[in-house]
Amino acid sequence: MRTHARARTQQPATETVLTRQTRRPHGRRPTLDDVARGSGVSKSTVSRVINGEDKVRAEVVERVREVIAELGYVPNSAARQLVTRRNNAIAVVASQPQNRLFIDPFFDLHLRGIRKELVAHGAQPVLLFLEEPEEYPRVGDFLGGGHVDGALLFSLRADDPLPGMIERLGLPAVFGGRPLVREGEPVRDCVYVDADNRGGAREAVRHLVSLGRERIATITGPCDQEASAVDRLDGYRDVLFGTAPLLIERADYTRQGGVDAMAALLDRCPDLDAVFVASDLMASGALQVLRERGRRVPDDVAVVGFDDLAPIAEHTDPPLTTVHQDVEGMGRLMARLLFSRTEETGAAEVGPLSSVVTPTRLVVRKSA
């Protein structure tokens, strides 16, 4: 007993040393007690090592990890959650029909980037889809129920109540894309990741101007719902200030939307010689209509898209000139920013984070 007491007094309070007895238990799952006995330290010290706390000496950390490996010990995730107050789960919330998310390569790449970063941090995504207004209370109850450590949100509409719900819950969150704020409404203090939509659109239209095109139309996204659509239209207008409204046609970021918008533009302005389309998916629909109407691309009509989604841009006829944005990288960056807000020190102790706008660049192929 005297030896045991003397050993305690010679160590810091966080590293109580006991007699080391490494024995693999027979017929049962190794426990925290087994790791403590095998390491010659207290259970509290083993817990600190497992939870990654920095109050344990390096040699003790190494010894505990060796014993964990020898015993094949697997920490009890439920017990660990009680200590760390972390779920290792992140909500990924999209205000889009579920079927659209899985057929649009943009969302597939976005989710792929998010998932890669979550896995690297030992977390799992929880996908939540919002298609109807009556689903918001259910999602709000889930987000406020302590099931997730934070939320990643994208494809939100201008009047979407979700940002306000997140703010009231105090849940750390990062938005995919700059949230659209209607005129007269206050700008929310939120962190988002977006591409330079306006700058990319300007570069696309300048490229068409450099080719000598004079009647340049545009197919926009849903400007009353998504900030990216507004920014890309503003970029078009930055270069072609005072363009006739007849050359502007709104769509919805879907292939069919591109089909309908291109048909309407040709009916209204048959002499157009170029079109900037605000997404690759819509551009693929526009190319279909131009081909059906006997317009040669790029000879008769030059076409530039936006996104640079390889499954689309590299396989259209002709291959699509488009504005590249790193969609997968933006997904990873969203998750990385969220983790910086949910470290074990707690979101309240992390300094204010800045939103990130990633660069774009024009990728020239055969359509313009």
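The structure is a predicted model, in which local features need pLDDT of at least 70, side-chain atom pairs count only at pLDDT 80 or more, and totals for chains, interfaces and linings use all residues. Residues are numbered from 1 along each chain as its sequence is written, and side-chain values use heavy atoms, with hydrogens and water left out.

Asp104 is placed in the loop between helix 6 (98-101) and helix 7; helices (H or I, at least four residues) and strands (E, at least two) are DSSP runs numbered from the N terminus. With a relative accessibility of 6%, Asp104 counts as buried, the term for under 20% relative accessible area, whereas exposed means over 50% and partly exposed lies in between (1.4 Å probe, protein chains only). Apart from neighbours within four places in sequence, Asp104 is in contact with Tyr253, Leu281 and Leu309, contact meaning heavy atoms within 4.5 Å.

One of these partners, Tyr253, is found in the loop between strand 7 (248-250) and helix 12 (255-268). Tyr253 is likewise buried, at 6% relative accessibility, and has a positive phi of about 70 degrees although it is not a glycine. A positive phi also occurs at Asp307, about 135 degrees in a residue that is not a glycine. Asp307 belongs to strand 9 and is buried because its relative accessibility is 5%. Two cis peptide bonds can be described alongside these residues: one runs from Val297 to Pro298, with omega near 10 degrees, and another joins Asp317 and Pro318, with omega about 0 degrees. Pro298 is located in the loop between helix 13 and strand 9 (302-307), and Pro318 in the loop between helix 14 (310-313) and strand 10 (321-324). Most residues other than glycine have a negative phi, and most peptide bonds are trans.

Tyr136 is found in helix 8 (residues 136-143) and is buried, at 6% relative accessibility. The side chain of Tyr136 is joined to that of Ser95 by a polar contact of 3.4 Å and to that of Asp160 by one of 3.0 Å. Not counting residues up to four places away in sequence, Tyr136 touches Ser95, Leu130, Arg157, Asp160, Pro161, Leu162 and Met165. The C-alpha atoms of Tyr136 and Pro161, which are 25 residues apart along the chain, are separated by 8.0 Å.

Ser284, in helix 13 (residues 280-292), is buried at 11% relative accessibility. Its side chain makes a polar contact of 3.4 Å with the side chain of Arg255. Beyond residues up to four places away in sequence, Ser284 touches Arg255, Ile312 and Thr316. Pro125, in strand 2 (residues 124-129), is partly exposed, with a relative accessible area of 28%. Pro125 touches Ile90, Val92 and Leu118 when residues up to four places away are set aside.

For the protein chain as a whole, 15 helices and twelve strands are assigned, and buried residues make up 50% of the 368 residues. Of the contacts with a separation of 6 or more, 71% involve residues 24 or more positions apart. The chain exposes about 18,500 Å², of which carbon and sulfur atoms supply 49%; accessible areas come from the Shrake-Rupley method with a 1.4 Å probe, and for residues only the protein chains shown count as cover.

The largest pocket holds about 740 Å³ of space. Of the 43 residues that line this pocket, Leu156, Gly176, Gly177, Arg178 and Ala227 are the closest to its centre. Two or more lining residues come from each of helix 7 (105-120), strand 3 (150-154), strand 4 (173-176), strand 5 (192-195) and helix 11 (227-239). A pocket is here an open set of points on a 1 Å grid over the protein atoms alone, where a 1.4 Å probe fits, with protein on both sides within 12 Å along at least five of seven lines; lining residues have an atom within 4 Å of a point. Grid points are joined across faces, edges and corners, and the volume is the space filled by probe spheres set on them. The lining divides into 21 nonpolar, ten polar and twelve charged residues, with Ala, Val, Leu, Ile, Met, Phe, Trp, Tyr, Cys and Pro counted as nonpolar, Asp, Glu, Lys and Arg as charged, and the others, Gly among them, as polar.

Definitions and conventions
Polar contact = N/O pair within 3.5 Å; in protein donor to acceptor, adjacent residues only side chain to side chain.
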